[in-house]
Amino acid sequence: MDKVEQLFLFLLLLFVSPTFSLNQEGLFLLQAKHQLSHPSHSLSNWNRRDATPCSWTGVTCDRATGAVTSLHLSDSELSGPFPSAFCRLPSLSILSLSNNNLNSSLSATALSACSTLRRLDLSLNLFSGPIPNTLSHLPSLLHLNLSFNNFSGNIPATFGNFRRLESLSLVNNLLTGKIPTSLGNVSTLKELHLAYNDLGGPIPSTLGNLTDLEDLWLAKCNLVGTIPLSLGSLVRLWNLDLSQNMLTGPIPEPVFTGLTSIVQIELYENFLSGELPRGPRIANLTQLERFDASQNELTGTIPDELCGLKNLGSLNLDVNSLEGSLPESIAESENLYQLMLYNNSLSGSLPSGLGSKSQLQILDVSYNQFSGEIPASLCRGGGLQELLLGYNSFSGEIPESLGDCKSLMRIRLGNNNLSGTVPYGLWGLPHMYLLELVENSLSGPISNAISGASNLTMLLISWNNFSGSIPDSIGSLYKLEDFIASYNSLSGQFPARMIKLSQLERLVLNDNQLSGEIPPGFGDLKKLNEIDLANNRIEGYIPIELGYLPVLNFLDLSGNRLTGQIPMELQNLKLDHLNLSNNQLSGKIPSLFASESYRDSFLGNRGLCGNNPGLCPTLGKKKKRKNVWVFGFIFALAGGVLIIGINWFYSKFRNFKKMKKKGCSMSKWRVNEKSDIYSFGVVILELVTGKPPLDPEYGEKDLVKWVTSTLDEEGEDQVIDPTLDPKYREEISRLLSVGLLCTSSLPITRPSMRRVVKLLRGVTRIPKSRTGKLSPYYQEEASDNENQGSIVFELGA
């Protein structure tokens, strides 16, 4: 067949084929298809051989007329510019292209042809440039969603000309300028979402004209000024979110009480001040379920009327300056599931019936001044997940009922005055991932029931009176990352199954009465970055395998009974801190550590001193020094500072007022107390060094930085005042350690005043840190975050 015949056959097939049976709307859609890229072939059944496009993916037609009325092409992996051909469909009322990769700017002329649209959804794309001000010319438009794009410039003032618009969402773009006052003219608006833009300026009072408005979301828009009184006219509003702005002034009582349909009020992370609204009109908020005014500058007490609202489920007032007691009426709520009050100055006891009538899930009252016993009813609803009561003055025993609370996941009871034994069941709660009991007076053993805590990642129980051996069942906690149990009375040998803790990162057991040898198998714990076993009764050799732990950077085995040589393999490690002092080691110091900077890491090992004459100080040398009474006078002075300073600092701590900067971590929220500890530490360093806080000798440094750097570079001898009698060298060294703890560069790692008292009372138990690089004892911030995490406290403690 020649080429002429082939062409004739092609034309014949072309004309007899059903291709041209596709109606005009189908052709418009095919034109739009050619403008788009669709790598997942989401439009593969858009076929020109069909008579109509009504069976195509995403296409809906009117049953009577067959006209295309809606296009739902969300999540179709489409890319390319906005297809203007869509607007040529004469009956199109709904166009949804959300969650694709459409880009470029929007053409004002292209969209102006979409005159029949009632709903336009272009959210979650990559559109950029200004928003066309001609959109308000679409006469039938009810819903406009341009959220989560890269639109820039101002919100068009012409948007005040919409005739029928009910929903406007421009969330998470790059919009600037002020919120147009003209939006108050769109009387049909029910939803106004402008959150997460860089708008600035005040909230227009004209928004109070939107009497049909049900949902107002203006979070994180850099808004300033006060909350307009006119918002109190929005009687149909169920959601008011003005969070994460820079609003100032009080929460207006007319606004608060005028929102009679309100379900949720979000005011967190602003600069709001004054007292919370109170009075009988609060009772009008019968629908209120969630109220969050956290991280502001609110003062006064928590209103009883607010706590007594029947439907209240979540109350967040954390990080303010609230005082007084928690109203008893909060215990009567049948819907309360979340109560967040951390970092205030609240006092008194928690209501005895708290949690008895509702399924409480989260309770965080940490960093307050609460006292009394922990209510036994907290988990009566069976849903308690987070119990965060740290840094208060709770006393008595931990309620036995918490041992039966299987839903608990996160427990922080540290820094209180709790006593007695830990309920047996609490050790082994199956969903618990954090158990933090530090700095109490708890006693008894670590229960074997801990084997049931299969999700436990952090076990923090230091500074208590726990005794007995570490149970072998702890080896079944395969998710455990942090085991910190320092400053207790734990005894016995290391459990053999501890080497099964493959996720373990921090093992801190210093200042106990542990004995026996370091068990073989530690080399299998490849994630260990900190080992602190100082001041125990551990014997035997230092395992060679410690030198093969790939991420270990903190190793303290000081104050034990270790013998033998220092393994050469320790030179493989990249250590920030090494302390093997005060053991019975002998032989040669590995060459990497045979320098002045590591000298203090090996003190108190007579066998090492014998082989390395320069390691220990020569007692025969005459040094210039003052009489013994000078050092006694200094310690008397330190005692005076302690007696006076402790009372002042402790009183100040228990009554501190937060000084908060926006965006601060939890450690910064506690800046007053930590600053006091720091100042006390500077006084100690002055006594030990004989130097003033500031001196030209330091260059651009202060005393603290000078001490730290000099310790690292030249050792302890160059820090301690040479006029002090060497007879008291051990006591001076320990006092220096306290000063370094108190002046740690990270406020979060500084001890509480109560811990400083313990350190100075039991000076013989102070962990020696001669390098200035202190063990980073883990302190989790309130809210996980955490956050936090973190080492950042997330607050929520």
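These legends accompany close-up views of a predicted model.

View 1. The protein chain has 797 residues, and 55% of them are buried. Its secondary structure comprises 13 helices and 44 strands. The accessible surface amounts to about 32400 Å², with 52% of that area belonging to carbon and sulfur atoms.

**View 2. Helix H12 is largely enclosed by the rest of the structure.** Let us begin with a helix. H12 covers residues 729-742, and its end C-alpha atoms lie 20 Å apart, in agreement with the 20 Å that its 14 residues should span at 1.5 Å a residue. How many of the 14 residues of H12 are buried? The number is 11, so the helix is largely enclosed. The buried residues include Ile732, Leu735, Leu736, Val738, Leu740 and Leu741. Ser733, Arg734, Ser737, Gly739 and Cys742 are buried in H12 too.

**View 3. A salt bridge joins Arg236 and Asp212.** The model has nine salt bridges, and this view shows one of them, with N and O 2.9 Å apart. The pair links distant parts of the chain, its two residues being 24 residues apart. Arg236 sits in the loop between strand E14 (224-225) and strand E15 (239-241), while Asp212 belongs to the loop between strand E12 (191-193) and strand E13 (215-217). Asp212 has a relative accessibility of 24%, so it counts as partly exposed.

**View 4. Two further salt bridges pair residues with neighbouring numbers, Arg290 with Glu289 and Arg599 with Asp600.** In the Arg290 and Glu289 pair, the closest N and O atoms are 3.2 Å apart. Arg290 is partly exposed at 23% relative accessible area, and Glu289 is partly exposed at 33%. For Arg599 and Asp600 the closest N and O atoms are 3.4 Å apart. Are these two residues buried or exposed? Arg599 is buried, at 8% relative accessibility, and Asp600 is buried as well, at 10%. Both values can be read against the cut-off for burial, which is under 20% relative accessible area.

**View 5. Asp482, Arg506 and Glu530 are linked in a network of salt bridges.** Look here for the three side chains together. Side chains of opposite charge can pair when their charged atoms come close.

**View 6. Four acidic residues form a negative surface patch.** Its members are Glu373, Glu397, Glu400 and Asp404. Where does Glu373 lie? Glu373 is in the loop between strand E26 (369-372) and strand E27 (386-388). With a relative accessible area of 57%, Glu373 is exposed.

**View 7. Asn99 and Leu124 have positive phi values.** Most residues other than glycine have a negative phi. Asn99 is not a glycine, yet its phi is near 55 degrees. Asn99 occupies the loop between strand E4 (94-96) and strand E5 (101-102) and is partly exposed, with 38% relative accessibility. The phi of Leu124 is about 60 degrees. Leu124 is in the loop between strand E6 (119-121) and strand E7 (128-130), and at 40% relative accessibility Leu124 is partly exposed.

**View 8. Gly66 lies in a loop between two strands.** The strands on either side are E1 (59-61) and E2 (68-72). Gly66 is partly exposed, its relative accessible area being 25%. Cys54 is 12 residues away along the chain, and the C-alpha atoms of Gly66 and Cys54 are separated by 7.4 Å.

Terms used:
Residues are numbered from 1 along each chain as its sequence is written. This is a predicted model: local features need pLDDT of at least 70, side-chain atom pairs count only at pLDDT 80 or more; totals for chains, interfaces and linings use all residues. Side-chain values use heavy atoms; hydrogens and water are left out. Patches are made of residues with over 30% relative accessible area and no salt bridge: like charges are joined within 9 Å, nonpolar side chains (Val, Leu, Ile, Met, Phe, Trp, Tyr) within 5 Å. Accessible areas come from the Shrake-Rupley method with a 1.4 Å probe; for residues, only the protein chains shown count as cover. A salt bridge is a side-chain nitrogen of Lys or Arg within 4 Å of a carboxyl oxygen of Asp or Glu. Lys and Arg count as positive and Asp and Glu as negative; His and the chain ends are not counted. The place of a charge is taken as NZ of Lys, CZ of Arg, CG of Asp or CD of Glu. Helices (H or I, at least four residues) and strands (E, at least two) are DSSP runs, numbered from the N terminus. Buried means under 20% relative accessible area, exposed over 50%, partly exposed in between (1.4 Å probe, protein chains only). The expected span of a helix is 1.5 Å times one less than its number of residues.
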